[in-house]
Amino acid sequence: MELKLDWHGDKTDTLTNTFVKKLTDLIISDQLTAGTKLPSIRDFAMQNNISRFTVVQVYDRLVASGYLVSRRGSGFYIASKSTIQLLFDETRIISQKNTAKADGATELFDPCSGHLPAAWLKTLEIEKYIRKVGRNDIDNFYEGYSNISGYIPLRKAIQQRLHSIGVVSTDIEQILTTSGALPAIDTICRSLLKPDDCVLIDDPGYYMIDRLLNNLDNKHFGVPWSVDGPDLEILEQLIKTQKPKLLITSAVCQSPTSVTLSPAVIHKILGLAEKYNFWIIEDDIYGVFHSNAAVSNAMRLATLDQINRVIYINSYSKTISGKLRLGYMIVPKPLIETILTTKAFGGRASEFSEKLLYELLAEGSYRKHVDHLIDLLQTAKEQSEQMLTANGLILFNKPEFGMYLWARFPYIEDSRVISEAAKEHGLNIMCGHHFSVSQEISPWVRFSVAWCQDKRLSDFLKDFTLANRNHYIS
Ligand SMILES: Cc1ncc(COP(=O)(O)O)c(C=O)c1O
């Protein structure tokens with residue numbers, strides 16, 4: 001095969017980058033199709049009048065990024081169509097950002113982000129702990145797998161932490177570490193549900209749970225949320241008609257509404273679980289941001305239930321890094337064995353991350369870090385409430401704590417209108433319907449208070465109001 005590329009025009013980039021980019025473009029645009037064999041390194045070098053060393057680098061880079069597959073003794077081939085599609089989706093997001101930069105537009109940013117700014121998280125100085133674990137434990141790193149239930153000292157530290165939310169009677173066997181909250185939910189669903197079993201989830205709620213249940217072929221229904229939490233009448237109706245095996249919900253700083261349930265609502269939900277016999281997953285990932293008192297004054301489902309019907313899950317993705325991939329679940333005793341069996345297939349946590357977290361918890365740095373984050377969030381929340389309302393939005397509620405504000409323009413019924421306009425301004429706004437099982441048009445948008453101080457957002461909201469208010473109101 002001859003593959004001669006026109007590369008002489010591009011003097012702004014290195015030769016390797018130029019060839020990587022040109023070949024990637026040909027693959028993405030289907031001019032080089034899945035399974036096609038590329039010329040050998042020698043032939044490609046000759047055809048394009050470049051060194052073999054450059055070709056080796058180019059092919060290596062494309063193999064590493066997944067566009068090429070190297071077959072030993074046979075050569076280099078274009079990867080499968082499904083792999084290319086996945087890579088293409090990722091590339092598109094990155095290139096959208098780059099285009100915005102190249103056009104001189106301000107860089108795309110996401111005021112609805114599910115993550116706190118890196119600058120807030122960096123005060124933790126994680127590098128100190130990475131060095132410490134690397135120094136003290138490197139020999140052990142090369143030996144075998146991590147403990148299936150999790151690193152014991154860390155689980156003991158978590159057991160202590162559970163006291164601060166009033167979960168006092170857990171045995172260490174009930175505490176299982178995971179590679180995050182979503183993997184914990186996935187493991188529990190795989191353990192407890194058969195295909196077609198029904199699950200109830202929050203609406204609006206964490207959109208990935210809907211995707212997960214679709215993937216597992218489990219029927220699921222959204223329970224509508226008001227400012228007080230789930231609509232208890234609809235919840236009971238759904239329980240009676242759909243006979244769910246599981247309810248997945250959050251009691252403290254729920255996403256996207258930041259609603260925290262009252263003890264009365266928690267009591268009612270647990271009563272229903274008892275009466276109609278279903279399990280509850282309590283996802284408490286944002287609960288950590290509720291009050292910086294040593295003992296939290298917010299009640300969890302797990303507090304009242306003491307891990308009887310409630311499987312409590314949590315994670316460090318919001319407070320340390322989404323890349324740490326570390327969380328845990330607290331499991332009722334009768335479920336431990338079933339869940340451990342499923343966990344063996346892919347639910348093991350990284351021991352390196354576990355040890356890192358253990359160091360942080362043991363030194364007390366984590367608690368100080370979280371208190372600092374809560375202070376930052378509280379200030380940001382007040383400013384964001386003012387900024388959003390000053391720009392004509394109304395708030396679903398005024399949450400006491402939390403990372404998000406759920407807000408809408410009074411005259412816009414479909415938040416896709418906002419999202420489309422935001423794109424033109426280099427902003428990425430996720431529409432409300434993504435947070436709903438029904439995917440029905442929604443006027444709501446989830447704003448992440450940590451990002452709302454950015455002037456790009458207030459400028460956009462001002463422009464949007466000027467451009468749309470009269471149009472929609474008249
Ligand atoms: C409510 C909720 N639960 C779970 C997760 C996933 O957490 P993890 O990164 O630990 O898997 C998220 C992530 O944004 C979330 O918002």
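Two strands pair if DSSP finds at least two bridges between them. I noted that first, and then that this model is predicted.

**Entry 1**

I began with β12 and β13. Strand β12 covers residues 404-408, and four bridges join it to β13. The two strands run antiparallel. I looked for a facing pair and found Y404 opposite S448 of β13.

Next I asked which strands make up this sheet and in what order. The order is β11-β12-β13, the sheet is open, and the pairing is antiparallel. I checked the edges. β11 (394-395) and β13 (445-448) each have a single partner strand, so one side of each is left without a neighbour in the sheet.

Which helix lies across these strands? I found helix α15, residues 365-390, across β11, β12 and β13. Helix α15 runs at about 10° to β12.

**Entry 1: the eight-stranded sheet**

I traced a second open sheet, built from eight strands. I wrote down its order as β3-β10-β9-β8-β7-β4-β5-β6. Here the pairing is mixed. The edge strands are β3 (175-178) and β6 (229-230), and each pairs on one side only.

I then took β4 and β5 as a pair to look at. β4 spans residues 198-203 and β5 spans 219-226. They run parallel, joined by six bridges. D203 has P224 of β5 as its bridge partner.

I also looked up the helix over this part. Helix α9 (residues 207-215) lies across β4, β5 and β7 (246-249). Its direction is at about 160° to β4.

Most residues other than glycine have a negative phi, and most peptide bonds are trans.

D203 came up again here. The peptide bond from D203 to P204 is cis, with omega near 5°. P204 sits in the loop between β4 and α9.

I found a cis bond between S255 and P256 as well, with omega of about 10°. P256 belongs to the loop between β7 and α11 (263-276).

What is the phi of D196? It is positive, about 80°, although D196 is not a glycine. I located D196 in the loop between α8 and β4.

**Entry 2: a helix pair**

I looked at helix α2 (residues 41-48) and helix α3 (residues 52-64). They pack at an angle of about 115°, and their axes are 9 Å apart. The crossing of α2 past α3 is right-handed.

From α2, the contact uses I41, R42, F44 and A45. From α3, R52, V55, V56 and Y59 take part. By type, I have six nonpolar residues in this contact, no polar ones and two charged.

**Entry 3: domains**

Last, I looked up how the chain is divided. Domain 1 is 15-87, domain 2 is 125-363 and domain 3 is 367-473. How many Å separate the centres of domain 1 and domain 2? Taken over C-alpha atoms, the separation is 43 Å.

Notes
Residues numbered from 1 in each chain as written. Predicted model: local features only at pLDDT ≥ 70, side-chain atom pairs only at ≥ 80, totals over all residues. Axes fitted to C-alpha atoms, helices over the stretch in contact; angles between N-to-C directions. Left-handed = near helix turned anticlockwise from the far one by under 90°. Contact = placed C-beta atoms within 7 Å. Nonpolar A, V, L, I, M, F, W, Y, C, P; charged D, E, K, R; others polar. Domains from an automatic or database assignment.
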